[in-house]
Amino acid sequence: MSFKKYFLCLPVIIFFFILMPAISYSQDKDSDKSKAILAEGVKAPDFTVFSSSFNFVNLKNTLEINDTVILSFFATYCKPCKKELPFLYELQDKYKDRKLKVYPVSIDMASSAKVIKFVEDLDVKFEILFDQYRKISALYSVSDIPVLYIIGKDGLIKFAKTGFK
């Protein structure tokens, strides 16, 4: 094969080996954004999970004691989560007499000790829920973090949001 034929094949090779994977990646990335979190007004899925207080926490039981529950899905590598958790701590402290309970839900695969240290370094005191196998995250359609859900006494999602500013 002559040099001229190699030169003519070069654009095809570039397309298939460089541009095609990039196009495929951007489509996959866009399809991830279409995954929606649960909508407001939907019944919040019940769950039972282990916490940093060495207890099992059940959403239904928590709502029997509290009027409002906030679930904040986070990870130690998430920069917006580092800003959201102190804000939520202040909120819980301010409205604790109104029976507000905030549960940060860690989706980290890291050890629970690493997650607890991360939260302590933020100078906040929370009972953390551990979801390292992402079962709760799946129930709540969490694909990006942070994700925040506010759940009313009736068990319905009152507010749902991805991200923190």
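K101 and E127 form a salt bridge in which the closest N and O atoms are 3.8 Å apart. The two partners belong to distant parts of the chain, since K101 sits in strand β4 whereas E127 lies in the loop between α4 and β5, 26 residues apart. The model described here is a predicted one. E127 has a relative accessibility of 15%, and because buried means under 20% relative accessible area, E127 counts as buried.

| Pair | Closest N to O distance |
|---|---|
| K101 and E127 | 3.8 Å |
| D154 and K158 | 2.9 Å |

K117 and D121 both belong to helix α4, where they are 4 residues apart, about one turn of the helix. In general, an α-helix has 3.6 residues a turn, so residues three or four places apart point the same way. K117 is partly exposed at 48% relative accessibility, while D121, with a relative accessible area of 55%, is exposed. In the pair of D154 and K158, D154 is partly exposed at 41% relative accessibility, and K158 is likewise partly exposed, with a relative accessible area of 42%.

Strand β4, which holds K101, is part of an open sheet of 5 strands, arranged in the order β5-β4-β3-β6-β7 with mixed pairing. At the edges stand β5 (129-130) and β7 (157-162), each of which has a single partner strand, so one side of each is left without a neighbour in the sheet. Strand β6 (residues 147-152) runs antiparallel to β7 and is joined to it by 5 bridges, and within this pair of strands V147 stands opposite T162 in β7.

Helix α3 (residues 79-94) lies across β3 (68-74), β4 (100-106) and β6, and it runs at about 165° to β3. This helix has 16 residues and reaches 24 Å from its first C-alpha to its last, which is close to the 22 Å expected at 1.5 Å a residue. Which residues of α3 are buried? They are C81, E84, L85, L88 and Q92. Seen down the axis of α3, these buried residues fall within an arc of 105°, so they line one face of the helix. They pack against β3, β4, α4 (112-121) and β6, whereas the face turned away from the buried side of α3 carries the exposed residues K79, K83, E90 and K94.

Technical notes. Residues numbered from 1 in each chain as written. Predicted model: local features only at pLDDT ≥ 70, side-chain atom pairs only at ≥ 80, totals over all residues. Heavy atoms only, no water. Pairing = 2+ DSSP bridges. Helix = DSSP H or I, 4+ residues; strand = E, 2+ residues; numbered from the N terminus. Contact = heavy atoms within 4.5 Å. Axes fitted to C-alpha atoms, helices over the stretch in contact; angles between N-to-C directions. Expected span 1.5 Å × (residues − 1). Buried < 20%, exposed > 50% of the residue type's maximum accessible area, 1.4 Å probe, protein only. Arc of directions from axis to C-beta. Salt bridge = Lys/Arg side-chain N within 4 Å of Asp/Glu carboxyl O.
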